[in-house]
Structure formats: C-alpha cells, structure tokens
Amino acid sequence: MGGVKVVRRPAVASITIDRPEARNALNLEAMADLDRALEEVAGWDVHAVFIRGAGDRAFVSGGDLKELESVRDEEFALGMARRMRATLDRIPALPMPVVAIVNGHAIGGGAEVAIACDYRVAADDVTIGFTQATLGLMPAWGGIERLVQAIGRGRALHLLTTGRTIDAKEAKATGLFEEVVPRADFEDRVNQLAGDLTDVPLAALAGMKRAADAALPYARPELAAAATADFARAWAADAHWEAMERAQARRRR
C-alpha cells in the first residue's frame with residue numbers, strides 16, 4: 001500500500017498514513033489504501049487497532065488538495081465523499097477498539113479520521129480543526145454526526161461553522177480528546193496503552209464495543225445520502241473555489 005502502512009504486532013495492529021511529502025494528506029490512492037487496510041485488519045484477532053500519521057508533525061492534514069482540486073465537478077465530489085464515508089464507517093464496525101494516536105496536527109479530513117475512531121490519545125503539542133468551512137465546504141465523511149455525539153450540538157456547531165483550530169488542552173476539555181500526553185512521554189504511553197489493551201480478553205473488548213454501539217450508534221448510514229449530496233454541491237460551487245484561492249494566497253505570503 002503506497003501511502004498507508006499496516007503492521008501487525010502480537011496483539012495490536014497499527015495503520016500509519018505515510019505521506020510525509022504532503023503532511024500525510026489523503027489522495028485518492030491513500031483513501032483506497034486506508035479502506036483496504038481496515039478491511040484487512042477486520043479479520044485479525046488483535047486486541048486493538050491504532051491509527052496514526054508518520055512522523056510527529058501531522059496526524060492527517062485532510063484531503064490532498066493539490067490532487068483533488070484538479071476536478072471540480074459535483075459527481076466527482078459525491079463519489080469521493082461516499083467512498084471515504086464508507087471507509088470510516090468500517091471503524092465502528094470492527095470488533096476491536098480503534099484508537100486514534102494523534103501524534104501530529106489533525107486538520108479537516110484528518111479531524112474526521114480522528115473522530116471516526118473509538119477514542120483519541122494525543123500529544124500535548126498538537127492541534128485539531130474541522131476547518132472545512134474556511135474552504136467553503138463541510139465535513140462529508142460522517143464527522144459532523146460523530147462530533148455532535150462526542151462533544152454536544154452547540155460545541156460541535158461552534159467548531160464546524162467557524163472552522164476553528166484548537167490546541168490539545170482545549171480539545172481534551174471539550175471531550176474531543178480522551179487523553180493528552182506530554183510529547184516527551186507520548187510513545188511510551190502509546191506502548192503502555194497497547195499493553196493495557198492486550199491484557200483484556202478479546203471477547204470482553206468486543207462485547208464492550210458492541211454494547212456501546214447499541215446504546216449510541218457511531219455510524220449513521222441513513223444520513224449519508226443527504227450529507228454527501230450537500231458536500232458535493234458545496235464542492236462544485238464557485239464559493240468553494242474562491243475560498244481555495246484565498247487560502248492559497250495566504251499560504252504564499
């Protein structure tokens with residue numbers, strides 16, 4: 001898998017988004033690779049799956065706009081949104097806990113990947129932001145519903161409509177991160193967490209996840225059609241491409 005690496009250790013699998021040249025942004029190939037990785041680990045008898053970005057600068061910095069912005073039509077956007085939403089919906093369907101190891105900044109689509117995981121452990125120097133509004137877009141991969149579920153409607157809409165990026169401390173206070181660890185201790189804590197989960201029987205882990213999902217489902221496929229259609233219309237609109245041009249001009253300054 002080109003931009004996604006999968007490693008199976010004795011009891012924990014790691015999926016790493018490995019595109020350092022693009023700050024671990026997801027292009028179409030990496031999106032497909034992530035889908036295949038999640039399908040692969042579904043058949044493994046591991047106690048947990050950790051999802052992280054390569055290096056320590058970025059978890060996932062969203063979709064790779066350098067590639068994706070070359071196609072501006074609504075049909076393309078709709079297909080992309082449907083595929084990635086279905087990919088992230090694989091996560092709650094897995095029998096084992098899936099943990100976002102937020103080792104770097106999680107921006108835009110990267111925040112959607114993080115919130116799709118069962119919970120999030122972050123280094124204390126990272127930021128997270130559902131920044132799609134700043135580009136004239138909206139999250140389309142299930143992130144809106146999951147964010148509302150995780151932190152409440154008002155807080156979620158505040159982050160979504162402003163496109164704010166927040167630091168790890170605020171993210172933990174709002175309930176977006178479950179645990180924040182000093183950078184110097186981060187990898188040790190990740191290894192400790194792997195050991196903690198390894199000590200819990202597989203049947204117990206699977207049972208807890210099933211019960212949690214029964215109480216509050218973490219995937220809402222019945223909402224997909226409307227959400228992806230709204231995203232596709234926003235993608236094709238002139239306002240989105242004008243916002244993209246403004247964002248690119250700011251980066252060039």
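Two strands count as paired when DSSP finds at least two bridges between them. With that in hand, here are some close-up views of this predicted model.

**View 1. Ala58 and its bridge partner.** Ala58 has His105, in S6, as its bridge partner. The strands involved, S4 and S6 (residues 105–107), are joined by two bridges and pair in the parallel sense.

**View 2. The open sheet around S4 and S6.** Here four strands follow the order S4-S6-S8-S9, with mixed pairing.

View 3. Helix H4 (residues 109–116) lies across S4, S6 and S8 (127–129). Relative to S6, H4 runs at about 105 degrees.

**View 4. Strand S5 and its surroundings.** Five of the five residues of S5 (residues 98–102) are buried, so the strand is largely enclosed by the rest of the structure.

**View 5. The partners of S5.** Strand S3 (residues 48–53) pairs with S5 in the parallel sense over four bridges, and Val49 stands opposite Val98. S5 also runs parallel to S7 (residues 119–123), joined to it by four bridges. In S7, Arg120 is the bridge partner of Ala100.

Technical notes. Residues numbered from 1 in each chain as written. Predicted model: local features only at pLDDT ≥ 70, side-chain atom pairs only at ≥ 80, totals over all residues. Heavy atoms only, no water. Buried < 20%, exposed > 50% of the residue type's maximum accessible area, 1.4 Å probe, protein only. Contact = heavy atoms within 4.5 Å. Axes fitted to C-alpha atoms, helices over the stretch in contact; angles between N-to-C directions.
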